[in-house]
Amino acid sequence: MKTTFWILLALAGAATGAGAAETFPWPNGAKAAVSLAYDDAADSQLDHAIPTLDKYGVKGTFYLTLSSQTIDKRLAEWRAAAQRGHELANHSLFHQCRRSLPERGWVAPHRDLDTTSVAQMKDQVTLANTMLYAIDGRRERTFTAPCGDLLAAGGQEYLPAVHADFVAIKASVGRGAVPSMAKLDPYRVPVVAPVGLTGQQLIAMVKEAADKGTMVAFTFHGIGGDHLANSSAAHEELVKYLADNRKVYWTDTFLNIMKHVKAQ
């Protein structure tokens with residue numbers, strides 16, 4: 001297991017509260033935007049998530065850890081996914097996380113963010129962008145900080161060092177829909193990382209985004225397998241709901257969503 005952090009983040013659920021919806025201008029009069037993203041380049045994403053997205057004509061974002069065996073063994077499938085319009089995004093080379101935090105025994109000592117300098121992390125993230133360019137030929141990227149950890153060696157934040165390389169970054173804790181687009185930092189976008197949720201629980205979060213007039217950014221891991229998993233059925237229920245309600249929800253890659261947000 002990666003960390004209890006993601007499980008608690010997912011189980012926090014959709015926030016509630018009264019108040020008028022924002023009037024943020026989403027494309028084609030949509031009430032909210034939805035980002036379906038997937039971390040760690042897991043096999044189940046190629047086996048289950050991408051076929052479901054393609055079935056319903058929905059685009060997703062895949063944050064690839066470039067050292068993953070699936071990059072080596074299934075590169076042609078990742079390249080084909082990019083050609084069909086899915087976003088391949090940066091999740092670093094080696095998934096550096098802080099070993100000093102609770103339940104982080106799985107972090108290898110040589111991949112400990114606590115002992116990785118800002119300069120080293122910047123080098124890794126920059127090289128990951130180059131490797132992604134070799135896969136899909138694209139230059140614009142988004143990034144997700146592994147484990148949501150932001151502090152490198154010496155307690156220094158490393159994200160400011162890589163801001164210029166990305167359109168946007170997912171790097172803070174989300175508990176449902178983004179509360180306010182006016183206050184959203186494109187380099188600290190909150191993520192919801194569902195674990196073991198039902199389709200209806202996932203749909204409740206997108207409905208909350210429509211009520212607020214904002215967006216929700218999901219970051220899944222395993223789909224019907226692998227780690228931090230949600231069932232294939234729950235995932236498909238969400239994707240089908242979004243496809244059936246395209247006039248209400250603008251579901252697109254995180255890159256396209258954040259380019260639109262930054263342009264407003």
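Student: How many disulfides does this predicted model contain?

Tutor: The rule applied here asks for a pair of cysteine sulfur atoms within 2.5 Å. In this predicted model, cysteine 97 and cysteine 147 have sulfur atoms 2.1 Å apart. The count therefore comes to one disulfide.

Student: How many residues apart in sequence are the parts that this pair ties together?

Tutor: Cysteine 97 belongs to the loop between strand E3 (87-90) and helix H5 (118-136). Cysteine 147 belongs to the loop between strand E4 (142-144) and strand E5 (151-152). The pair therefore ties together parts whose separation in sequence is 50 residues.

Student: Is the link of cysteine 97 and cysteine 147 right-handed or left-handed?

Tutor: Both cysteine 97 and cysteine 147 are buried. The angle about their S-S bond is 90 degrees, and the link is right-handed.

Student: Within what arc do the buried residues of H5 fall?

Tutor: Helix H5 has 19 residues and reaches 27 Å from its first C-alpha to its last, close to the 27 Å expected. Its buried residues include Val118, Met121, Val125, Leu132 and Ile135, whereas Ala119, Asp123 and Ala134 are exposed on the other side. An α-helix has 3.6 residues a turn, so residues three or four places apart point the same way. Seen down the axis of H5, the buried residues line one face of the helix, because they fall within an arc of 145 degrees.

Student: Which residue follows H5?

Tutor: The residue in question has a positive phi, near 75 degrees. It is glycine 137.

Student: Is arginine 74 buried or exposed?

Tutor: Arginine 74 is found in the loop between helix H3 (69-73) and helix H4 (75-83). Its side chain is joined to that of glutamate 77 by a polar contact of 2.8 Å, and arginine 74 also touches residues including Asp43 and Gln69. Because buried means under 20% relative accessible area, the 16% relative accessibility of arginine 74 makes this residue buried.

Conventions
Residues are numbered from 1 along each chain as its sequence is written. This is a predicted model: local features need pLDDT of at least 70, side-chain atom pairs count only at pLDDT 80 or more; totals for chains, interfaces and linings use all residues. Side-chain values use heavy atoms; hydrogens and water are left out. Helices (H or I, at least four residues) and strands (E, at least two) are DSSP runs, numbered from the N terminus. Buried means under 20% relative accessible area, exposed over 50%, partly exposed in between (1.4 Å probe, protein chains only). A polar contact is a pair of N or O atoms within 3.5 Å; within protein, one must be able to donate a hydrogen and the other to accept it, and residues adjacent in sequence count only if both atoms are side-chain atoms. Contact means heavy atoms within 4.5 Å. The expected span of a helix is 1.5 Å times one less than its number of residues. The arc is that of the directions from the helix axis to the C-beta atoms.
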